[in-house]
Amino acid sequence: MRRISRLRRPSGLPVPAAASRSSIAPQCPQATALFSSSSQTTIPSSSRRPTSTTLRQLPTLGRFYSSEKDPIPQSLSEGTTSEPIPTADEANWEDVPADPSQLQQIYVPPPKYTYATRPDEVSDPSYTPAATFDGLETVGGLGNWWDQQHWSKVGNFMGFKPRTKVTNPLLLEASVRRAVVEAFALRQAGREDDLTGVWPVGGQEELQRTMELDVQCAEDGVPSINGDISAIVDGLQWNDEVATEASAPPSPAVKGSVFSSEDILKFKEAWTGRWKYTSLVDPRFRFAVTKRIFQLTGHLVPDHQLSGIADVQTLLHLVQKPPKPNTLTEEIQKRRQDLVQLPNVSIATKRVTRGDKEKALGRFKLIEEELKKRDLPVQGHGGARKNREMQILQGGM
Amino acid sequence: MASKGVRGLNEAMRSLSLSSQTCREAASHRIPSSTFTRSMATEAPLPTIETTADTTPAAGSLWRPATTVPLTIFNFPSFEPQRLESWSSKHLNLPLRRDILHHAVVYEGDNTRQGTASSKTRYEVAGSHRKMAPQKGTGRARVGDRQSPIRRGGGKTFGPKPRDFGTKITRKMYDLAWRTALSYRYRRGELVVCQDGMELPLPDAFEAMVARGDLPQDELRRSFKAKWLTQVLETNQWGRANGRSTFITGDRRQNLFEALDLVPKQGRALGLGMVDVKDLLETGRIIIERSALKEMLKQHQSDLVSSVFVTNAALPRRPQSGQILVE
């Protein structure tokens with residue numbers, strides 16, 4: 001069998017921080033300490049706390065993969081509410097104590113075993129062995145050690161996609177637009193190699209920047225952007241210098257609220273519909289856009305639908321399609337409210353059984369009473385078997 | 001009924017009118033001079049269809065099914081799309097044939113049956129073959145030996161004997177079923193192909209703790225791996241809440257297989273040699289290593305690839321899979 005070479009790492013990552021940005025990076029900002037690279041083999045232990053150098057890298061790493069408190073999914077889950085929600089950056093800053101000495105170990109092992117002196121070797125003559133359990137140290141029971149407080153939140157696994165899918169259609173549209181703008185900006189800047197790499201998730205600032213831009217599209221589907229794309233291109237670069245600069249707490253602008261549906265609607269009024277005709281025929285460009293959408297919203301375009309995507313409109317339609325309801329009840333409650341409103345129709349989430357009918361009539365209380373009086377099971381048949389005699393009489397065994 | 005009656009009446013009237021004519025007139029009715037048959041229905045002019053070379057659509061405008069389909073290769077634990085490849089439609093986009101899948105699954109089930117059930121006949125039951133009672137004079141029924149099937153402790157007349165339940169299936173059909181199962185998964189978006197060397201990486205902090213000897217208890221190490229894997233699967237929506245996943249790798253990967261054995265409710269791991277068509281149809285999705293998928297298709301394309309060496313270039317070539325589209 002021919003050996004197939006392993007896939008290369010995503011391009012566009014600066015070499016020194018590559019290990020810390022490995023795809024299995026836990027969400028912790030101290031990922032450098034968790035996944036040691038050749039340059040940084042710091043392993044936090046109880047005796048040795050992470051130094052401020054690791055702390056200094058927090059903002060970049062916080063931006064790499066969306067954290068648990070991802071900005072976009074949160075605002076999506078709010079739907080139409082316009083409440084300010086903390087951004088990812090803010091959340092990360094709150095998660096991580098400002099003082100490095102407060103940084104705890106990510107995974108705390110149990111204390112070492114200590115061995116008590118054997119009762120026959122105790123020199124103290126007044127020693128009497130315990131007769132009851134009270135006051136003794138407990139031993140064993142480490143099965144759920146990691147479920148308790150010994151697994152810091154920052155040690156959790158973080159993947160490429162956000163934890164929750166974006167379902168707000170407006171936010172989805174904004175994300176698709178952002179993906180198209182960013183991919184096009186990279187192409188304009190000549191960074192063709194970075195097109196398939198991993199880009200920083202960014203925050204609200206980046207989203208706003210792409211929403212403010214005016215995107216036009218020619219007849220042949222080639223987009224054109226009126227505005228400054230250099231800021232966008234910079235935002236798509238892993239920049240360690242920026243990280244050290246940003247070791248200061250983020251500016252209040254960044255800490256502002258996420259975009260609500262109203263905000264996006266305001267931006268959307270300024271957009272012309274032409275941008276949706278941007279061609280996605282080029283597989284490289286399409287790959288970059290769909291990958292970015294997956295990273296931002298959690299919507300993965302299935303492979304077999306890829307070839308059908310010729311422009312952004314098709315892609316948007318695909319992404320915005322609401323998820324299929326899991327149950328019929330769910331579907332009726334969500335989409336067929338007209339059925340629920342019918343006066344002569346009642347809808348039950350489960351099968352209506354004999355007991356339900358009795359309960360609706362108010363007769364079940366009496367039945368229950370009588371059953372209890374006779375010491376019979378109220379629910380079920382109490383493990384009584386089927387009539388075996390009848391089966392034998394009918395010729396079965 | 002009424003219409004039938006009316007029709008019958010009409011026919012009767014028609015025959016009456018025919019018979020009332022003279023023979024010569026009738027003959028002219030029956031045998032038209034121009035054509036030798038004539039239907040009772042109104043005749044419509046034949047459509048003039050001209051099939052010439054000009055009217056056939058150009059070769060380019062004909063719709064042809066795509067010969068290749070795109071396939072995304074992901075990074076394993078992070079689920080990051082890393083590149084796009086083109087795979088043959090004959091490998092990953094076959095139409096669903098439930099009948100073929102059924103045949104294959106039944107064939108596998110038959111061949112998996114152990115078939116070791118066994119019971120003793122009267123000739124195998126141990127004991128003396130002495131006649132239990134005299135033939136006559138006891139006033140009781142006639143009895144033979146105590147191994148008789150009608151006696152308690154006797155042999156079983158038509159009991160099970162070890163046998164082979166295995167059935168046969170055409171090799172080409174089985175291979176087609178294999179690719180049909182993969183195609184079905186592909187079209188449903190349930191085929192996640194990951195890069196080679198798929199293995200569950202553990203955090204360095206944990207490895208360091210193990211190396212330092214902070215976790216002497218095996219229980220602790222195992223529960224860590226279980227929790228870590230559960231987190232990976234839940235983050236990627238591959239876990240129990242999403243219908244479990246089947247992981248297929250070329251050979252055994254220590255961390256991945258060990259961790260999945262600890263949390264069987266989240267998914268299962270299989271080496272390439274252990275996979276069946278049935279396994280491909282079970283659980284929420286198949287997460288397979290690229291090389292394993294390639295090897296799997298290589299082993300199951302007997303209906304596509306001739307076993308005879310042919311040098312004729314005009315013949316259709318074997319399907320090509322795995323060309324890189326975007327990297």
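Student: I'd like to start with two helices: at what angle do the axes of α6(A) and α7(A) cross?

Tutor: Two packed helices are described by the angle between their axes and the distance between the axes. Here the axes of α6(A) and α7(A) cross at roughly 80° and come within 9 Å. Axes are lines fitted to C-alpha atoms, for helices over the stretch in contact, with angles from 0 to 180 degrees between N-to-C directions. α6(A) and α7(A) are therefore roughly perpendicular to each other (65 to 115 degrees; under 35 is roughly parallel, over 145 roughly antiparallel, the rest oblique). The model is predicted, so local features need pLDDT of at least 70 and side-chain atom pairs pLDDT 80 or more, while totals for chains, interfaces and linings use all residues. Residues are numbered from 1 along each chain as written, chains are lettered from A and ligands numbered from 1 in written order, and side-chain values use heavy atoms, without hydrogens or water.

Student: Which residues of α6(A) and α7(A) make the contact?

Tutor: From α6(A) come A:A174, A:R177, A:R178, A:V181 and A:E182, and from α7(A) come A:E206, A:L207, A:T210 and A:M211. Contact means heavy atoms within 4.5 Å. By type, the residues of this contact are 4 nonpolar, 1 polar and 4 charged (Ala, Val, Leu, Ile, Met, Phe, Trp, Tyr, Cys and Pro are nonpolar; Asp, Glu, Lys and Arg charged; the others, Gly among them, polar).

Student: Which residues touch the most other members of the largest nonpolar core?

Tutor: They are A:V176, A:M211, A:V289 and A:L315, out of 44 residues in that core. A nonpolar core joins buried Ala, Val, Leu, Ile, Met, Phe, Trp, Tyr and Cys residues through side-chain atoms within 4.5 Å, with buried meaning under 20% relative accessible area, exposed over 50% and partly exposed in between (1.4 Å probe, protein chains only). Among the elements that each supply at least two core residues are α6, α7 and α11 of chain A, and the largest share, 12 residues, comes from α6(A). Leaving aside residues up to four places away in sequence, A:V176 touches A:W275, A:I293, A:V312, A:L315 and A:L316.

Student: Now the sheet. In what order do the strands of chain B stand?

Tutor: Strands of a sheet pair through backbone hydrogen bonds, either parallel or antiparallel. The 7 strands of this open, mixed sheet run β5-β4-β6-β3-β1-β2-β7 in chain B. β5 (267–271) and β7 (323–326) of chain B are at the edges with a single partner strand each, so one side of each has no neighbour in the sheet. From one strand to the next the twist averages 35°. Pairing needs at least two DSSP bridges; helices (H or I, at least four residues) and strands (E, at least two) are DSSP runs numbered from the N terminus.

Student: Are β4(B) and β5(B) parallel or antiparallel?

Tutor: β4 (residues 245–249) and β5 of chain B pair in the parallel sense over 5 bridges, and B:S245 stands opposite B:G267. By contrast, β1(B) and β2(B) run antiparallel and are joined by 7 bridges, with B:P70 opposite B:S86. In their hairpin, 6 residues lie between the strands, and B:F79 has a positive phi near 65°.

Student: Why is β2(B) described as largely enclosed?

Tutor: 8 of its 8 residues are buried, so β2(B) is largely enclosed by the rest of the structure. Helix α11 (residues 283–297) of chain A lies across β1, β2 and β7 of chain B, at about 130° to β2(B).
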